[in-house]
Amino acid sequence: MPETEKERILRLIAEGVLTPEEGARMIEALQRVQQAQPTTSSTPEPPKEKPKTNDRQNFQKVEIPRPDGTHETIEVPPALVPAVMKVIGAYMKESAKSAAKDAWGGFKVVASRSLNDMKSNLRSRISGSPHTDSSPKTPSPEEIQRREERRRLLQMVESGRLKAEEAERIFEQLDALHQEKRNVPSGQTH
């Protein structure tokens, strides 16, 4: 078996273009081709030096795509071309699946962000966003008092004098009290 072909196959395995199983099948096929070539008679003849072009006349060149987009050219015996083409086809199919999956993932992220932006814009238009008001609202005295109560409670939680669960219950009770005050017409008391 020509050592250069074996080295190329091993390099393609190391680069990840071929799997070890595919490389092993290719090396086995090269060995079968070499063994199938007729041997000379049993009497040893002096080795004749053949030009390298004659050794390579029976081989076909096959381009194998790499992950970086370049191509690797290898010379393959004609009997091995169909197997190599199957390997290349499987590799290209897997690369296309991976690229499509990556593209779909990116599309989903972009579409999700766009949809969220559209929802946000629609909500702000329906509810009347503060950006459309020309004058800022000044809080009522009740609103100022309510904010001050909340601030004090949060300070108590921060200093450790009050637990967060307790503050949450107090907030709920304060909200209910303020809601009750809004519902009672002025002039009436409990």
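The following dialogue covers a strand pairing and several salt bridges in a predicted model.

Mentor: Ground rules come before the questions. Residues are numbered from 1 along each chain as its sequence is written. In this predicted model, local features need pLDDT of at least 70 and side-chain atom pairs count only at pLDDT 80 or more, while totals for chains, interfaces and linings use all residues; side-chain values use heavy atoms, with hydrogens and water left out.

Trainee: What makes β1 and β2 a pair of strands?

Mentor: Strands are DSSP runs of E, at least two residues, and helices are runs of H or I, at least four, numbered from the N terminus. Two strands pair if DSSP finds at least two bridges between them. Strand β1 (residues 60-65) and strand β2 (residues 71-76) share 6 bridges, in the antiparallel sense. Therefore they pair.

Trainee: Why is the contact of Arg146 and Asp175 called a salt bridge?

Mentor: The rule asks for a side-chain nitrogen of Lys or Arg within 4 Å of a carboxyl oxygen of Asp or Glu. Arg146 and Asp175 come to 2.6 Å, N to O. So the contact qualifies. Arg146 lies in helix α5 and Asp175 in helix α6 (residues 164-183), so the pair ties together parts 29 residues apart in sequence.

Trainee: How do you know whether Arg146 is buried or exposed?

Mentor: Buried means under 20% relative accessible area, exposed over 50%, partly exposed in between (1.4 Å probe, protein chains only). Arg146 has 18%, so Arg146 counts as buried. Asp175 has 28%, so Asp175 is partly exposed.

Trainee: What about Glu143 and Arg147?

Mentor: Their closest N and O atoms are 3.5 Å apart, and they form a salt bridge. Both lie in helix α5 (residues 141-159), 4 residues apart, about one turn of the helix. Glu143 is partly exposed at 28%.

Trainee: What separates Arg151 and Glu148 along helix α5?

Mentor: They are 3 residues apart, which means about one helical turn. Their side chains meet in a salt bridge at 2.2 Å, N to O. Arg151 has 39% relative accessibility, so Arg151 is partly exposed. Glu148, at 27%, is also partly exposed.

Trainee: How many salt bridges does the rule give?

Mentor: The count comes to 7.
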